[in-house]
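Welcome! Take a look at the model, then read on topic by topic.

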Number of protein chains: 2
Amino acid sequence: MTRMLKENNLSKNQQIVLDIIEKAKGPLKAYSILFNVQKKGIKAPPQIYRALDKLIEIGKIHKIESKNAFVACRSSNCEISKATAFSICESCEKVDEISDKSLSKYLSSYNDKKGMKFKKFNLEFFGLCKKCK
Amino acid sequence: MTRMLKENNLSKNQQIVLDIIEKAKGPLKAYSILFNVQKKGIKAPPQIYRALDKLIEIGKIHKIESKNAFVACRSSNCEISKATAFSICESCEKVDEISDKSLSKYLSSYNDKKGMKFKKFNLEFFGLCKKCK
DNA sequence: TTACATAGTGTTATATTATAACAAAATAAA
DNA sequence: TTTATTTTGTTATAATATAACACTATGTAA
């Protein structure tokens, strides 16, 4: 019998959490996700955090460290993301993922003077967006 | 009478917190700072967080967002810091501030394609340090 | 199929990080 | 001085995140 390829390798909770994050217009906080999925039977923080951890691991979402919030990855389709950059508006709180090959290339090849070899980076820019400036 | 210039514009709590952070070999967490200064009469979290906020504002320390920890600024002497970059070893947890004019210049002048004007950025590199790799 | 390993779930409790709110004291400026 | 501003001390609580454990589902290989 031919081997069936699973189309979707996400578990139930992972899919629920990802759906919410993908539908959102901006970064979501873990507990706001929790409140939004309680009707779907997810009741406790660990269920959310476990899904978030997995989604980050497989590159479906990113954590905005300065905001403790989570956004869907829209730039690289489903790849594990080791190089992330975001622009954050300090006025309206809008967050955008920056997809710029030259930036990403520059940083990915950057080597610290102290001899560290980087595997991953996260860059967060702050300022005023088009609308707010 | 000639105006006296204050040599040190930090308040008592701010100085205590800064001293601890400057003496530390790596990033310190807010509550670990708290436990370390209880002998000096600082008893509650708000006293720590207020000092930390002020020290960040005047550029004496930085927050490592991915670790919720604080380090003294060693690169720019006492300037307000709008452009920070760190290397973080994923094995030994060592954190170093990166002072590289070309990196800082590159990022400071970077403009998002979406028309945002940046005031500030924070970059965190992850990898293995010299010792750990 | 069975046996086993791995990943995911549900749950309770608790740890960790951070802020709100308010009154009092210290400092700076007019 | 008087007034404004900053800093402090304090209690309480909000917000973010993980530990631990028993159980279920799924994947893999004999």
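Leaving aside residues up to four places away in sequence, V17(A) touches I33(A), I48(A), A51(A), L52(A) and L55(A). Please keep in mind that this is a predicted model. V17(A) belongs to the largest nonpolar core, which has 50 residues. From here the briefing moves to the chain, the pairing of its strands, the partner chain and the DNA.

**The core and the chain around it**

- Which residues have the most contacts inside the largest nonpolar core? They are V17(A), I21(A) and I61(A), along with V17(B), I21(B) and I61(B).
- As a general background, nonpolar side chains tend to be buried together in soluble globular proteins.
- Chain A has 133 residues, and 27% of them count as buried.
- Its secondary structure comes to 4 helices and 5 strands, and along the sequence these follow the pattern α-α-α-β-β-β-β-α-β.
- Taking the contacts in chain A between residues at least 6 apart in sequence, 53% join residues at least 24 apart.

**Strand β3 of chain A and its neighbours**

- Is β3(A) mostly covered or mostly open? It is mostly covered, with 5 of its 7 residues buried.
- β3(A) pairs with β5(A) in the parallel sense, over 7 bridges. Within this pairing, I88(A) has F126(A) in β5(A) as its bridge partner.
- β3(A) also pairs with β4(A), residues 95-97, this time in the antiparallel sense and over 3 bridges. Here S87(A) stands opposite D96(A).
- The hairpin of β3(A) and β4(A) has 5 residues between the strands, and E93(A) takes a positive phi near 75° there.
- A general point to remember when looking at strands is that, in a regular one, the side chains alternate between the two faces of the sheet.

**Where the two chains meet**

- How many residues of chain A are in contact with chain B? There are 30, and they meet 30 residues of chain B.
- On the chain A side, the elements that give two or more residues are β3 (83-89), α4 (101-108) and β5 (117-128). The largest share, 12 residues, comes from β5(A).
- By class, this side of chain A divides into 13 nonpolar, 5 polar and 12 charged residues.
- β5(A) pairs with β5(B) in the antiparallel sense, over 11 bridges. One place to look is F126(A), which stands opposite K120(B) in β5(B).

**How the two copies are related**

- The same surface serves both copies, as 100% of the contact residues of chain A recur in chain B.

**The surfaces near the DNA**

- DNA strand C is surrounded by 22 residues, and the closest are S11(A), N13(A), A44(A), P46(A) and P45(B).
- At least two residues each of the surface near DNA strand C come from α1 (12-23) and α3 of chain A and from α2 (30-37) and α3 of chain B. α3(A) supplies the largest share, 6 residues.
- The surface near DNA strand C has 10 nonpolar, 6 polar and 6 charged residues.
- DNA strand D is likewise surrounded by 22 residues, with P45(A), S11(B), N13(B), A44(B) and P46(B) the closest.
- For DNA strand D, the elements giving two or more residues are α2 (30-37) and α3 (45-57) of chain A and α1 (12-23) and α3 (45-57) of chain B. α3(B) gives the most, with 6 residues.
- The surface near DNA strand D has 10 nonpolar, 6 polar and 6 charged residues.

**A loop residue in chain B**

- Where is D100(B)? It lies in the loop between β4 (95-97) and α4 (101-108) of chain B.
- D100(B) counts as partly exposed because it has 14 C-beta neighbours inside 10 Å.
- D100(B) and D19(B) are 81 residues apart along the chain, and their C-alpha atoms are separated by 26 Å.

How values were computed
Residues numbered from 1 in each chain as written. Chains lettered and ligands numbered in written order. Predicted model: local features only at pLDDT ≥ 70, side-chain atom pairs only at ≥ 80, totals over all residues. Contact = placed C-beta atoms within 7 Å. Nonpolar A, V, L, I, M, F, W, Y, C, P; charged D, E, K, R; others polar. Pairing = 2+ DSSP bridges. Near = placed C-beta within 6 Å. Buried ≥ 20, exposed ≤ 12 C-beta atoms within 10 Å, placed from the backbone. Core = buried A, V, L, I, M, F, W, Y, C linked by C-beta atoms within 7 Å.
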